[in-house]
2 protein chains.
Amino acid sequence: MQDLSTSPPQLQSIDKAIVDAILSARIQPGTRLSENQLAALFSVSRTRVREAMMRLEARCIVTVSPRRGWFVSEPSAEEARHVYGARRIVEYGLLRSMPALTPSDLAALHRHLEDEKLAIASADRQRLTCLMGDFHIRLAEIVGNPVLTEVLRDLTARTILISLMYQSDFHALQSHEGHCAIVAALEANAPEQAAALAIRHLDEVEEGLDLTRQPDPLADLRRSLQPETEAGPRPAADMLKTTHRHTQKENP
Amino acid sequence: MQDLSTSPPQLQSIDKAIVDAILSARIQPGTRLSENQLAALFSVSRTRVREAMMRLEARCIVTVSPRRGWFVSEPSAEEARHVYGARRIVEYGLLRSMPALTPSDLAALHRHLEDEKLAIASADRQRLTCLMGDFHIRLAEIVGNPVLTEVLRDLTARTILISLMYQSDFHALQSHEGHCAIVAALEANAPEQAAALAIRHLDEVEEGLDLTRQPDPLADLRRSLQPETEAGPRPAADMLKTTHRHTQKENP
DNA sequence: TGGACAAATCTTGCATACAAGACTGGAAAG
DNA sequence: CTTTCCAGTCTTGTATGCAAGATTTGTCCA
């Protein structure tokens, strides 16, 4: 379904390709990642694919089901709560200790907010999901601490998976306004307020999740059989199957 | 030098054994981790060892030098600063949002502080290093968020490596007092103060590092040739060589 | 028509083999 | 005596082969 290889795939590392696909919401939680198919796609042997999977597994981004296959993680409701909890703590600390913004930081943030506004206007949900996550990574980048950025990148990847699983309706405008408020507080040199706003923002987003929702084993099939909607036809050349991890246990 | 296999090694996963060895300061930064030797030690083939190494590499705990070998990470001075920076941010957020302590939490913390005091009294530096790191993991555990605990565990592992590399003299008592102050603030239900104390504590510890110190390629040799000191002879049966990563580039 | 069984086909798990680069030690040359 | 070079030995990098379990699908029987 989601194509990982928009450009010559040889040069990109496999890890990065998959993480990027998640960060830009081009790949669904539960998507099967076949060792053989990835090996073919990247023109390497299974060994290297496996190594990439091991690394991603250590970052909770993919899961292995023994002798069944590798799958993009499907965070449980509990895990989702923990990820949001961790993000609240990390981002609170982050914003509290944010240095005064330089003009270029500020420009970058405003450019980002502008992008968000455009995406909302064009109702491009995938791009929105991506931008909403990116905002927080941008904040981390301003601090200039790669260790922290890395932590937040992984948490963001997991957050995106959570959104794709549990987000019933996407209050994009509300999120965007949250981001604007945070930037405004930072601009006003009020880090304590920015931190408080970030927590409220994350609360709101978490509130918008439907954590009681069970993963739908038939989701892909449903989507595939659905007659064309607004979005136009999906790209045809897809090397990765859309097989989902839940196949036989259907609702009785 | 450091023995990783105190008990039957088959059952433990390789990752855990190595991380545990680092968290308890039984293994030095720069120690070579030979695939063959680990494979023999754990009675598996190199494949599985390699997979473990890949996972640990993703967590910045080991490094590979192409076709030369795997080594326990030797964080650079810059990385050290970033790790401490990240910890300040995370732990500030953590303590700020700490729930009121339950009696059992409090008991556990006090027990830990008691252990620290004992270790100081017996001047057991290895045990101290281990306990000092553990304190922060304990704090994370109280919040009951495994995602965050995991983040802090990795940061702590890296911190321990940093200590082993750059800590010229270990102000154990000062650290211990820092921990006591934090617990006292938590006990007094003053999370804001606890958070501020944590930052000061981390500042002090970082201050105690000598980040200008260059890694000493002769460290192992020096230790080995040194006549017996207080600590008594090292355990004899060591399967891992003490080879360090710097072998030929000596100071001219 | 419905259900159970079994074979065929897929998947990963793991070990091994071989290639290629890095390091060591010794011999030869200056 | 010092330096250079080369072969031997070590290391990891990578592919591949085979085994074992899971899944699917086709068939047979009630």
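Which residues in H5(B) meet residues in H8(B)? This structure is a predicted model, in which local features need pLDDT of at least 70, side-chain atom pairs count only at pLDDT 80 or more, and totals for chains, interfaces and linings use all residues. Residues are numbered from 1 along each chain as its sequence is written, chains are lettered from A and ligands numbered from 1 in the order in which they are written, and side-chain values use heavy atoms, with hydrogens and water left out.

In chain B, helix H5 (residues 103-122) packs with helix H8 (residues 172-187) at an angle of about 165°, their axes being 10 Å apart. H5(B) is therefore roughly antiparallel to H8(B), a term for angles over 145 degrees. Helices here are DSSP runs of H or I with at least four residues, and strands are runs of E with at least two. Axes are lines fitted to C-alpha atoms, for helices over the stretch in contact, with angles from 0 to 180 degrees between N-to-C directions.

The residues of H5(B) that meet H8(B) are B:Leu106, B:Leu109, B:His110, B:Leu113, B:Glu116, B:Lys117 and B:Ile120. Their partners in H8(B) are B:Ala172, B:Leu173, B:His176, B:His179, B:Cys180, B:Val183 and B:Glu187. Contact means heavy atoms within 4.5 Å. The residues of this contact divide into eight nonpolar, three polar and three charged.

In chain A, helix H8 (residues 172-187) and helix H9 (residues 191-207) have axes that come within 8 Å and cross at roughly 170°. H8(A) and H9(A) are therefore roughly antiparallel to each other. Among the residues that make the contact are A:Ile182 and A:Ala185 of H8(A), together with A:Leu197 and A:His201 of H9(A).

The largest nonpolar core has 78 residues, of which A:Leu95, A:Leu139, A:Ile182, B:Leu95, B:Leu139 and B:Ile182 touch the most other members. Such a core is a set of buried Ala, Val, Leu, Ile, Met, Phe, Trp, Tyr and Cys residues joined through side-chain atoms within 4.5 Å. Leaving aside neighbours within four places in sequence, B:Ile182 is in contact with B:Leu95, B:Phe135, B:Leu139, B:Ala194, B:Leu197, B:Ala198 and B:His201.

A:Arg67 lies in the loop between strand E2 (62-65) and strand E3 (69-72) of chain A. Its phi is near 60°, a positive value in a residue other than glycine. At 89% relative accessibility, A:Arg67 counts as exposed; buried means under 20% relative accessible area, exposed over 50%, and partly exposed in between (1.4 Å probe, protein chains only).

Notes
Parallel < 35°, antiparallel > 145°, perpendicular 65-115°, else oblique. Nonpolar A, V, L, I, M, F, W, Y, C, P; charged D, E, K, R; others polar.
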